[in-house]
Amino acid sequence: MEENKSNGSGMKPSQPKPNKSRRGFYWIYGLLAIILISVNIFWKDDTPTQKEIGQSELKVMLKNQEVSKIELINREDAEIYLNEKGLKHYFPEVKTNGTGTTDMPSYYFKIGSLERFEEMVETSQEGINNPVDIKHVKKSRWGMEILSWIVPMLILIVFWLFLMRGMGKGMGGGGQIFNIGKSKAQLYDKDNPNAKVTFKDVAGLEEAKVEIMEIVDFLKNPTKYTKLGGKIPKGVLLVGPPGTGKTLLAKSVAGEANVPFFSLSGSDFVEMFVGVGASRVRDLFHDAKAKSPCIIFIDEIDAIGRARGKNAYSGGNDERESTLNQLLTEMDGFGTNSGVIVLAATNRADILDKALLRAGRFDRQIYIELPDLNGRKEIFEVHMRNLKLSDDVNKDFLAKQTPGFSGADIANVCNEAALMAARKDKEQIEKQDFLDAIDRIIGGLEKKNAIITPEEKKVIAFHESGHATTSWLLQYAHPLVKVTIVPRGKALGAAWYLPEERQITTKEQMYHEMIATLGGRAAEQVIFGQISTGALSDLEKVTKQAFAMVTYYGLNEEIGNLSYYDSTGQQDYSLTKPYSEKTAEVIDAEVSKLIEAAYQEAVKILTDHRDGLTQLANRLVEREVIFGEDLEEIFGKRPWSKEEEEKNEDTTQKEITAGEESNPMV
């Protein structure tokens with residue numbers, strides 16, 4: 001399911017009106033400037049404007065009896081007043097008053113230690129009949145005092161305002177720290193002409209749309225159900241792999257019903273402050289009730305809906321659990337017919353709390369799987385509407401080449417194809433551009449400049465040819481599409497297969513897939529008589545597959561019909577295994593036996609078809625890329641192709657019909 005990119009419609013959150021007045025915060029700067037200027041003006045009168053004198057000069061003045069008085073201000077600065085003799089010596093142009101001195105000090109002296117200063121004055125006037133005494137004066141320099149405590153306070157206030165403003169922006173509070181407990185949900189209002197995403201903008205998964213249409217019908221015509229005593233479902237949980245369009249489907253429900261739509265993520269509830277999550281939940285449901293009927297959509301609800309008590313390293317009263325408890329209370333508290341429906345999406349439904357999934361909260365669960373062949377075709381049609389395509393682009397062919405792709409993956413394929421065509425200065429996007437885009441997404445970027453020796457290239461060619469040969473000759477293995485020995489991503493070689501889309505898998509099908517996976521290492525053993533480290537990913541895959549067959553799916557005779565799979569996820573936090581040590585030994589032995597049997601089967605197949613394997617590998621070394629047509633040319637058509645299967649099905653159906661006609665008891 002993907003959004004239609006061509007119509008330009010998309011639900012956009014309502015934008016708040018811009019605040020034209022920007023003066024609400026900047027008054028603090030003006031106040032700070034006024035205070036600093038005022039303090040500077042008043043403080044200037046108290047600042048000494050006289051020339052500073054040194055200790056040796058002061059001693060000379062005292063010995064020559066040129067000082068009239070010394071005033072010690074606040075035990076810090078000494079103001080020196082000269083007498084008439086001193087003024088004539090140092091300042092002959094200065095006019096004196098009636099006493100032969102001035103009202104202002106002539107010099108000032110910065111003292112360090114009061115005792116030493118007094119001792120220096122006393123020793124400098126030894127033998128003088130009328131020595132000058134030190135007069136202690138206490139002056140209040142209030143300008144300096146105001147500056148000492150006002151300025152730091154203003155700096156702290158400005159810093160606090162900046163800090164709170166930044167935190168408010170980070171929390172979506174519009175610059176206000178007091179909005180931290182408010183809901184961060186974006187409102188897609190029906191009054192917004194652009195807030196219109198309908199089911200026409202969603203491609204694929206028609207079953208999910210049919211199931212969710214009942215929610216739309218209730219929002220449009222609630223009395224149709226309530227008059228019969230029916231109750232609106234409180235919650236609908238959308239479960240599916242990433243990229244399948246769960247969020248887009250929820251938006252289309254709101255657009256189809258033409259009701260307000262509150263959208264937010266589960267992580268938006270959780271912050272570093274205690275109680276914020278629960279407060280935001282309360283505020284969200286308060287706003288939703290005011291705009292009823294409406295839809296609340298919580299994406300990635302597993303961020304707050306994880307089962308309580310599963311994490312042994314956190315307490316039972318942490319912030320996430322408080323948020324979940326408030327959500328449970330709100331969903332169970334508002335009226336059943338209030339017109340508020342909660343939609344939630346997750347790809348981890350197995351870890352959600354049971355109280356969240358009980359009847360009365362999330363009443364319905366809609367499973368959104370990866371799109372099938374027809375769904376992928378529809379998604380390609382949606383994303384190709386704005387693309388300039390050449391005539392050789394076939395949507396059916398591309399849908400077949402992308403099994404297991406989600407809607408987001410298909411959107412990425414279309415975008416990558418357009419970029420590749422533009423990179424090559426093409427006027428239109430061709431079929432090969434789409435194939436290159438698929439290869440780029442699956443295998444990674446080609447590394448044509450990687451340094452590989454001829455011997456390594458030959459080993460890689462036989463390894464990939466081993467995979468291709470075994471998969472071609474096994475009935476239930478996936479048929480080959482393309483093989484390359486050009487390095488891509490972290491892989492030295494890559495093979496593309498076309499898996500059959502099936503809902504269940506038998507033991508024989510899984511066993512054949514294991515044989516094909518081990519075909520690369522088996523080819524190295526058959527041709528070179530030794531094996532390499534190139535099969536690391538293959539060994540990892542078959543080990544996990546064999547372990548799943550033995551312990552999960554009950555496909556082993558020794559273990560029997562037992563499954564140790566835990567769908568609740570509690571084993572993730574358990575320190576013990578769900579089986580005994582004796583059973584673990586049996587499991588290890590059976591897994592090893594299964595893998596070794598598959599490996600020997602792969603060796604046998606490649607030994608019997610050694611000539612074809614060698615011919616295929618040589619062709620791969622020469623061309624670097626081969627396709628399914630090359631295998632068909634070497635080994636012939638697969639006897640289990642779809643054409644042969646259809647013939648066999650027709651023959652079997654005719655035999656059954658003939659048998660029913662001949663036996664009236666059937």
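Of the 666 residues in this chain, 42% count as buried. Buried means under 20% relative accessible area, exposed means over 50%, and partly exposed is in between, with a 1.4 Å probe and protein chains only. This is a predicted model, where local features need pLDDT of at least 70, side-chain atom pairs count only at pLDDT 80 or more, and totals for chains, interfaces and linings use all residues. Residues are numbered from 1 along each chain as its sequence is written, and side-chain values use heavy atoms, with hydrogens and water left out.

Now the overall make-up. The chain has 24 helices and 14 strands. Helices (H or I, at least four residues) and strands (E, at least two) are DSSP runs, numbered from the N terminus. Next, contacts, meaning heavy atoms within 4.5 Å. Take those between residues at least 6 apart in sequence: 74% of them join residues at least 24 apart.

Let's start with a strand. How many of the residues of strand β10 are buried? The count is 7 of the 7, residues 340–346, so β10 is largely enclosed by the rest of the structure. Val340, Val342, Ala344 and Thr346 point one way. Ile341, Leu343 and Ala345 point the other way. Strands of a sheet pair through backbone hydrogen bonds, either parallel or antiparallel. For us, two strands pair if DSSP finds at least two bridges between them. Strand β7 (residues 235–239) pairs with β10 in the parallel sense, over 5 bridges. There, Leu237 has Ala344 as its bridge partner. Strand β9 (residues 294–299) also runs parallel to β10, joined by 6 bridges. Ile296 stands opposite Val342.

On to another sheet. This one is open, has 3 strands in the order β13-β12-β14, and its pairing is antiparallel. Its edge strands, β13 (494–497) and β14 (625–627), each pair on one side only. From one strand to the next, the twist averages 10°. Strand β12 (residues 480–484) is joined to β13 by 4 bridges.

Next, the nonpolar cores. A nonpolar core is a set of buried Ala, Val, Leu, Ile, Met, Phe, Trp, Tyr and Cys residues joined through side-chain atoms within 4.5 Å. The largest has 32 residues, and Met514, Ile587 and Ile595 have the most contacts inside it. Five helices each supply at least two residues: α18 (507–517), α19 (519–528), α20 (536–551), α21 (581–608) and α22 (610–623). Which helix gives the most to this core? That is α21, with 11 residues. Apart from this core lies another, of 27 residues, including Leu264 and Val281.

Look at α18 now. Is α18 mostly covered or mostly open? It is mostly covered, with 8 of its 11 residues buried. Among them are His512, Glu513 and Met514. The cover includes α17, α19, α20 and α21. Zoom in on Met514. Leaving aside neighbours within four places in sequence, Met514 is in contact with Val542, Gln545, Ala546, Met549, Leu594, Ile595 and Ala598.

Here is a helix pair. Helix α6 (residues 206–220) and helix α8 (residues 246–257) have axes that come within 9 Å and cross at roughly 35°. By class, their contact has 8 nonpolar, no polar and 3 charged residues. In this scheme Ala, Val, Leu, Ile, Met, Phe, Trp, Tyr, Cys and Pro are nonpolar, Asp, Glu, Lys and Arg are charged, and the others, Gly among them, are polar.

Ile304 lies in helix α10 (residues 302–305). Ile304 is buried, at 0% relative accessible area. Ile304 and Ser267 are 37 residues apart in sequence, yet 7.1 Å apart in space, C-alpha to C-alpha.

Most residues other than glycine have a negative phi. Asp425 has a positive phi, near 60°. Asp425 sits in the loop between α15 (407–423) and α16 (431–443), and counts as exposed at 66% relative accessibility. Glu624 has a positive phi too, near 75°. Its place is the loop between α22 and β14. Glu624 is partly exposed, at 32% relative accessible area.

Key:
Axes are lines fitted to C-alpha atoms, for helices over the stretch in contact, and angles run from 0 to 180 degrees between N-to-C directions.
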